[in-house]
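Okay, thanks for having me.

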Amino acid sequence: MKAAYYEQIGDAKDVLKIGEMDVAELGASEVLIKVRASGINPSDVKQRSGWGGLTMRHQRVIPHNDGAGIIESVGESVPPSRIGERVWIYEATLPRRFGTAAEYAVVPSEQAVFLPDNTEFVEGACLGVPAMTAHNCVFKDGAVTGKTILVAGGAGAVGNYAIQLAKWGGANVISTVSSAEKAEIAKTAGADYTVNYKTENVAARIKEITKGEGVDRVIEVDFASNLETNLKVLKRNGAIATYASDSDITPQIPFYSLAYKNLTVHYVLVYVMDKAAHQQAAADITTCLKAGVFRHVIAQSFGLEEIVKAHEMQESGRAIGNLVLVIN
């Protein structure tokens, strides 16, 4: 099969290669998928670049955890009826060597989730990391019906799905954005209000929107950068669910500011969520897909041979939405 791979940590242009490889051996409880689209996430490029001291997990790695395609064969204990099923894939490279940036991928059967006919493969390839992270952040403390949720960065991949899932769950949603274009994306996802953090006083505007009450929960893309604002706008007994803190990877925690409001902080990493959380996320995401609830924001699609360009685009921060490789 044709695949993209790297054998050392480094810049995309220096380490990513395209070549022929053998298809991974199919084991019990696994499925072989003809990959039609491969999703690219920040964690994929961070792993490849050695961000934060990350090292090679194997001698050769095919990148990308997310993808979508069609099951071609199944291992022992997997129902043969799954052959021919359209699926979306999550966590293809963990703890494995070979992800979805290839013509074929082998994953445990439960990590290949039914993809309804109303969802394109390029859309299915966007779901694993962003939508599952968003689901866990939104529902970490239970139902959100009637709650007011603040989603930071509502035009981003995780933030956009978080808005949609929170609205599906019955919440009122406020989202922060950095431009008029991103405000439209957040509103299209269902945000009731948007606040431009470049031009507005976020805390004051949120207090105005909520008539001084504040928000129940925050879904946070940059814990360190936005903590001061979140402390101002959260109600007592509120919660922050944060999945990144790239502005400061070792932030100081103002203990008493959190304690005086009895706030909870959840640190969310999709790859180490427990099995129940993964299963609930997969079930709810599939329900939303079947119902046509989701809108998918795809910034750009690339061919497999353009993976270097795609990784560089991901790292640039210029993409608004998901980046996907289309695999023929």
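Predicted model: local features only at pLDDT ≥ 70, side-chain atom pairs only at ≥ 80, totals over all residues.

The protein comes to 11 helices and 15 strands. Its C-alpha atoms fill a box of roughly 60 × 40 × 35 Å along the principal axes. What radius of gyration would a compact globule of 328 residues have? Near 20 Å, and the protein has 20 Å, which agrees. Buried residues make up 53% of the 328 residues.

Okay, salt bridges. A search of the whole structure turns up 18 salt bridges. Let me show you a few that involve helix 2 or helix 7.

Take D246 and K46, whose side chains meet at 3.2 Å, N to O. D246 sits in the loop between strand 12 and helix 9, while K46 is in helix 2, residues 42–49, so to speak a link between distant parts of the chain, 200 residues apart. D246 is partly exposed, at 45% relative accessible area. K46 has 19%, and the cut-off for buried is under 20%, so K46 counts as buried.

Helix 2 also carries R48, and its partner is E315 in helix 11, residues 307–316, so this pair ties together parts that are 267 residues apart in sequence. The distance here is 2.8 Å, N to O. R48 is buried, at 1% relative accessibility, whereas E315 is partly exposed at 39%.

Now a local one: E208 and R205 form a salt bridge at 3.3 Å, N to O. Why are they separated by about one helical turn? Because they are three residues apart in helix 7, residues 202–209. E208 is exposed at 55%, and R205 is partly exposed at 23%.

There's also a network of salt bridges that links E7, K17 and R60. Keep an eye on R60, which also lies over the face of Y5, 4.1 Å from the ring centre.

On to ring pairs. The structure holds six aromatic pairs. In one of them, W88 and Y90 have ring centres 6.1 Å apart and planes at 45°, so that pair is tilted. W88 is buried at 0% relative accessibility, and Y90 is buried at 5%. Then there's Y161 with F294: centres 5.3 Å apart, planes at 75°, so edge-to-face. Y161 is in helix 5 and F294 in the loop between helix 10 and strand 14, so the pair ties together parts 133 residues apart in sequence. Buried or exposed? Both Y161 and F294 are buried. And F255, Y256 and Y260 are linked into a cluster by ring pairs.

Now the surface. W51, L54 and I249 make a nonpolar patch of about 290 Å². I249 sits in the loop between strand 12 and helix 9, and I249 is exposed at 57% relative accessible area.

Last, backbone angles. Most residues other than glycine have a negative phi. S29 has a positive phi, near 65°, and lies in the loop between strand 2 and strand 3. N237 also has a phi near 65°, but N237 is found in strand 12. S29 is partly exposed at 37%, and N237 is exposed at 57%.

That's my tour, so over to you.

Key. Residues numbered from 1 in each chain as written. Heavy atoms only, no water. Patch = residues over 30% accessible without salt bridge, like charges linked within 9 Å, V, L, I, M, F, W, Y side chains within 5 Å. Areas by Shrake-Rupley, 256 points an atom, 1.4 Å probe, with all protein chains shown as cover. Salt bridge = Lys/Arg side-chain N within 4 Å of Asp/Glu carboxyl O. Helix = DSSP H or I, 4+ residues; strand = E, 2+ residues; numbered from the N terminus. Buried < 20%, exposed > 50% of the residue type's maximum accessible area, 1.4 Å probe, protein only. Phe/Tyr/Trp six-rings, centres within 6.5 Å; stacked < 30°, edge-to-face > 60°. Lys NZ or Arg CZ within 6 Å of the ring centre and 35° of its normal. Rg over C-alpha atoms; globule rule 2.2 N^0.38 Å.
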